[in-house]
Amino acid sequence: MNIIDELEWRGAINQQTDEEGLREYVENHKISLYCGVDPTGDSLHIGHLIPFIMLKRFQKFGHRPVIVIGGATGSIGDPSGRKEERQLQSMEVVEENARKLTAQMKKLFLNEEDSDFRLFNNYEWMSQLSLLDFLRDYGKLFNINNMLAKDVVASRLDTGISFTEFTYQILQSMDFLHLFQKEDIRLQIGGADQWGNITAGLALIRKIEGPEAQAFGLTIPLMLKSDGTKFGKTAGGAVWLDPEKTSPYEFYQFWINQDDADVIKYLKYFTFLDKETIESLAQKVEEEPEKREAQRTLAEEMTRFVHGEEGLKDAQTITEALFSGNIRALSADQIRQGFGNMPGETVPKEATNLAVWLVDHGVESSRRQSREDITNGAIYINGQRIQEVDYEISIKDAIGGKYIVVRRGKKKYFLMTVED
């Protein structure tokens, strides 16, 4: 199967600059291709993953993928998808973000299996360029009328756009040209909002290398849920790849809680499972939706890909412990993962009457209610029901000497952290 056929089956193509030309090229050549990301933050989120997973799909078909970290373009700010001017970050912040994104990319893509992947930072070549060279060698090749017609610029004309952000498409075009000339890159891929930047790069290549230069652009669809809302957001914000921002357990839960209407689409977009496996899971969604096998498979595949086997095992262990109520089987770190977003307070090490302790730390509204809930069996400490109103709670109850998980009723959880 041609890689383009594979991507079409997965619904992963939005636009192509030359569909037949690209199909023929990848049929007869190993194509080198790239995707870039600007270090506007210190971690990628799941919305960033799709084009980079596409790079990996091309690699599995024998092609040569390149990742570009935008140390230079990230210092300028891409106006794509924004209604207002971006707040510029200091170069120190940009450099630190670039360092962290580079480490994430290496973890995901530059292991022994993915040894064909190459990674560059565009600051390497952009920082060597003087202002006069930029204006004479590149600025002269860009027509203002054409730049104004690009959606990314046209959408900002009413609210205003700075010269700095206006020039972003020139810088990204220069990236494509540099990589075409130095690394034989023939294809740039990106999100749907990058179409204008990608086509500007192709125009620059053909102005300098000639109209017959074989170079291509491809974008992925905007990812929306079946209800039309944006994919990748939760009540707590973005779903990050950094385990300190989104724990492996939270990451796993995000995927396992996907709707039946979306899960097969996400299996196609994000996983490397073959067509037969995904179609089998689609049939199970239709016939046995209550088993949620497709969601579980999606959660396992994605958590393993981003956090490895250890991260997946942690997520599954926490999930099982919460389902069974066997919270004491968890380590302190697993407790932090599973309950880190729960309300709670810092509590003293010393022994305190449980009924009083629950009121003092916001679990109960009054001592009368506290005693009543304890007597009625509505209070659980680390998954164990406590019904003695005289129970003394202390550091002896803390898992790993650090955490006490309190449950009131069926669903109300609190995470108490024992003071150092």
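**Labels and their cut-offs**

Modeller: Arg 304 has a relative accessibility of 31% and counts as partly exposed. This is a predicted model, in which local features need pLDDT of at least 70 and side-chain atom pairs count only at pLDDT 80 or more, while totals for chains, interfaces and linings use all residues. Residues are numbered from 1 along each chain as its sequence is written, and side-chain values use heavy atoms, with hydrogens and water left out.

Colleague: Why is Arg 304 called partly exposed?

Modeller: Buried means under 20% relative accessible area, exposed means over 50%, and partly exposed is in between (1.4 Å probe, protein chains only). Arg 304 is at 31%, so the label is partly exposed. Glu 309 is at 52% and therefore counts as exposed.

Colleague: What makes Arg 304 and Glu 309 a salt bridge?

Modeller: The term requires a side-chain nitrogen of Lys or Arg within 4 Å of a carboxyl oxygen of Asp or Glu. In this pair the closest N and O atoms are 2.7 Å apart, so the pair qualifies. Side chains of opposite charge can pair when their charged atoms come close.

Colleague: Is Arg 23 buried or exposed?

Modeller: Buried, because its relative accessible area is 18%. Glu 8, at 37%, is partly exposed.

Colleague: What makes β11 and β14 a pair of strands?

Modeller: Two strands pair if DSSP finds at least two bridges between them. Strand β11 (residues 379-381) and strand β14 (residues 403-408) have 3 bridges and are antiparallel, so they pair. Ile 379 stands opposite Arg 408, and Tyr 380 has Arg 407 as its bridge partner.

Colleague: What joins β14 to β15?

Modeller: There are 6 bridges between β14 and strand β15 (residues 412-418), and the two run antiparallel. They form a hairpin with 3 residues between them, and Gly 409 in the turn has a positive phi of about 75°.

Colleague: Why is β14 described as largely enclosed by the rest of the structure?

Modeller: Because 5 of its 6 residues are buried.

Note on methods: Helices (H or I, at least four residues) and strands (E, at least two) are DSSP runs, numbered from the N terminus.
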